[in-house]
Structure formats: C-alpha cells, structure tokens
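Here is my note for you as a new reader of structures. Keep the model open while you go through the points.

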Amino acid sequence: MNPVATHEAFEHPALFYRTEQEYLDRTVSFVQDGLDVGEPVAVAVPGPNLELIRAGLGADAEGVLLLDMTEAGRNPGRIIPGVLRAFADAHRDGRVRIIGEPIWAGRSAVEYPACAQHEALINAAFEGRPVTILCPYDVSRLDPEVLADARITHPTVMAAGAEQTSDAYDWRSVVVRYNEALVAAPDAAVYSFGPDELSAVRAFAVGRAQRLGLAGQRLEDAELAVAELTTNSVVHGGGRGTLAVWAEAGQVVCEVRDAGRLADPLAGRRPPLRGQIGGRGLMLVHYVADLVRLHTAEDGTTVRFYLTP
C-alpha cells in the first residue's frame with residue numbers, strides 16, 4: 001500500500017501557548033489560513049477563549065462553526081463522535097480544519113485521564129483522513145505532566161513560533177496508562193443482576209439516584225445510561241453484572257461491572273453507520289453523562305459515569 005499523500009493525511013499538532021496574545025495570533029491565523037483555501041473550519045474551545053477567537057476573526061467568524069467546549073465537550077468521551085466526527089463527516093469533499101481544546105486549567109483530576117485518552121484516540125479515529133485538528137495547551141497554567149502527555153499524544157508540537165516533530169509520540173501508551181482500575185466508594189449501594197433483573201436493577205438505580213439528588217432530565221439520563229450498560233452486560237458481558245451507585249463531590253456516580261472485555265478502544269466514540277441496528281449503548285452513555293471513565297482487562301470491564309444534579 002502506498003503511503004497517504006501529505007495533503008490527504010491526518011494532522012494533529014499541539015499548540016503550546018503562554019499568553020493570551022500568542023493564543024489569539026496562532027489560532028486566528030490557523031482559522032484564516034483554512035478559510036483562505038476554502039476549508040470548512042470549526043472551533044471548539046472553552047468559552048473565554050472562544051470569545052477571543054470570535055473577536056479576532058471579526059466578520060470571518062460568520063463562516064466558522066464556533067462551539068463552547070465546556071458544554072459540547074464536558075464529557076471528553078463525547079468529543080470525537082459529537083464534535084470532531086460530526087463536523088468532519090459533514091464535510092467529506094476536502095480537507096477539514098478544527099481547533100479543539102479539551103484540556104483546560106479547570107479540569108479536575110478525576111476528568112483528566114479521560115481527557116488524555118481522548119487526545120490519544122483522536123489519532124486512531126482520524127487516521128488517513130484529510131483533517132487537521134489543532135489542540136491548544138496553556139503552558140502557563142497546566143501541570144508539567146499534562147504537557148508531557150501532550151507530546152505523547154500529538155505527533156507535532158507548535159511552540160514559540162516553531163513546529164517540531166515530537167520524539168515522544170506514542171499515543172497507544174497513553175490509552176494503556178490511563179486504563180486505570182476503578183474502585184467503587186465504600187458506601188456505594190450495590191445491586192447484582194442477571195437477565196431476569198434488568199427492570200429491577202434499573203428501578204434500583206433510579207431510586208438511589210433520586211435520593212442522592214437527581215431529578216427531571218438528569219434522572220431520566222441516569223435511567224437510560226443504566227439501562228444501556230446493564231443490557232450490554234447481559235448480552236455481551238457474560239450474562240451478569242454488578243451496579244454500584246453513590247455520591248461523590250456533588251455528583252451522582254453509577255458504575256457497572258461485568259465479565260466482558262472491551263477490545264475496541266474507540267467503542268462508544270464512533271457515530272453509528274446509517275441504518276445500523278444496535279451497538280449504540282456506550283455512545284448513548286457518553287452523550288448523556290458529564291463524564292465517563294472506563295477500565296477493561298482480561299477478566300472484565302467497568303464503566304463508570306457521573307451526572308451533576
């Protein structure tokens with residue numbers, strides 16, 4: 001097989017910036033370069049940075065899809081299917097250009113492993129596609145470990161006005177490193193289920209989530225996510241599983257464990273094919289949850305999701 005031509009290859013640079021002006025100059029230039037050659041452009045960054053770019057583009061902002069990443073990408077697992085693939089798949093006639101900033105100084109330690117895995121999995125999701133995704137990193141506010149991971153998940157790094165190949169690039173290692181074992185809280189309410197308990201385990205989850213503060217749409221989201229995950233356990237995870245529910249740092253946490261092994265690292269992050277029946281359960285969980293953490297090993301899989309009341 002011949003190598004992919006440069007103009008057709010996927011490009012995934014990290015932008016290391018130190019000042020607001022540097023951020024503005026580099027991102028606006030990136031967008032305008034794309035507009036100048038007729039490339040569709042999307043920008044998904046945190047709100048304050050989005051307004052900077054909007055102002056910097058002036059009238060050109062009308063031709064750009066602008067998204068607040070703190071909303072569209074609150075759950076990092078939703079970014080590939082709901083933001084990046086959604087935009088790229090809608091513009092398949094040529095190269096597409098996107099700015100995506102999924103990691104900012106307000107991200108929590110609980111969220112970060114999912115963020116790092118997301119940045120790594122972008123490389124698998126877009127391999128061989130004519131897409132450029134620029135990922136900004138605030139060098140002045142992010143931890144050194146985060147910046148080190150960025151060098152591993154991005155094949156090139158733009159810093160101080162220059163672009164260099166990253167000698168640390170090895171995105172698969174980040175996926176493996178953050179495949180961390182998950183342990184339920186000691187005070188979690190636990191329910192073991194099998195094929196005959198799917199309705200009962202869903203009712204158990206709803207009752208516990210309601211007592212912990214979920215209501216309305218958030219309670220419906222919990223019910224949907226639990227239904228999808230417990231059904232997956234019965235159908236694909238050895239026929240049985242365990243649900244745990246607890247409160248943590250102002251959120252309601254639900255966790256489903258079973259004996260299945262999730263071999264595909266992009267599971268739940270691929271938009272379904274037209275006419276596809278089934279195979280949407282984990283993706284639906286990503287769409288309704290504020291955060292999804294996942295651990296898979298030879299002896300089983302754990303999926304944990306977080307909902308804010």
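1. Seven strands form an open sheet: it has 7 strands in the order 3-2-4-5-1-6-7, and the pairing is mixed. Strand 3 (65-68) and strand 7 (162-165) stand at the edges with a single partner strand each, so one side of each lacks a neighbour in the sheet. Neighbouring strands are turned by 20 degrees against each other on average, direction ignored. Strands (E, at least two residues) and helices (H or I, at least four) are DSSP runs, numbered from the N terminus. Two strands pair if DSSP finds at least two bridges between them.

2. Ground rules. This is a predicted model, in which local features need pLDDT of at least 70 and side-chain atom pairs count only at pLDDT 80 or more, while totals for chains, interfaces and linings use all residues. Residues are numbered from 1 along each chain as its sequence is written, and side-chain values use heavy atoms, with hydrogens and water left out.

3. Strand 1. Which way do the residues of strand 1 point? Pro13, Leu15 and Tyr17 point one way, Ala14 and Phe16 the other way. In a regular strand, side chains alternate between the two faces of the sheet. Buried means under 20% relative accessible area, exposed over 50%, and partly exposed in between (1.4 Å probe, protein chains only).

4. Partners of strand 1. Strand 1 runs parallel to strand 5, joined by 4 bridges. Strand 1 also pairs with strand 6 in the parallel sense, over 4 bridges. Look at Ala14: Cys135 stands opposite in strand 5, and Val157 is its bridge partner in strand 6.

5. Strands 4 and 5. Strand 4 (residues 96-100) and strand 5 (residues 131-138) pair in the parallel sense over 4 bridges. Arg97 stands opposite Thr132 in strand 5.

6. Helices on the sheet. Helix 4 (residues 79-89) lies across strand 2 (41-45), strand 3, strand 4 and strand 5, at about 165 degrees to strand 4. Helix 6 (residues 144-153) packs on the sheet too, touching strand 1 (13-17), strand 5 and strand 6 (156-159), and makes about 165 degrees with the direction of strand 5. Axes are lines fitted to C-alpha atoms, for helices over the stretch in contact; angles run from 0 to 180 degrees between N-to-C directions.

7. Helix 4 is covered. Of its 11 residues, 8 are buried, so helix 4 is largely enclosed by the rest of the structure. The buried residues include Ile79, Val83, Arg85 and Phe87.

8. Glu101. This residue lies in the loop between strand 4 and helix 5 (112-125). Glu101 is buried yet has no salt bridge (a side-chain nitrogen of Lys or Arg within 4 Å of a carboxyl oxygen of Asp or Glu). What is the nearest side chain of opposite charge? Arg141, 8.1 Å away. The side chain of Glu101 makes polar contacts with the side chains of Tyr17 (3.1 Å) and Asn49 (3.2 Å). A polar contact is a pair of N or O atoms within 3.5 Å; within protein, one must be able to donate a hydrogen and the other to accept it, and residues adjacent in sequence count only if both atoms are side-chain atoms.

9. Gln117. Gln117 is found in helix 5. Its relative accessibility is 12%, so Gln117 counts as buried. A polar atom of the Gln117 side chain lies 2.9 Å from the backbone oxygen of Val175. Gln117 touches (heavy atoms within 4.5 Å) Val174, Val175, Tyr178 and Asn179, not counting residues up to four places away in sequence.

How values were computed:
Lys and Arg count as positive and Asp and Glu as negative; His and the chain ends are not counted.
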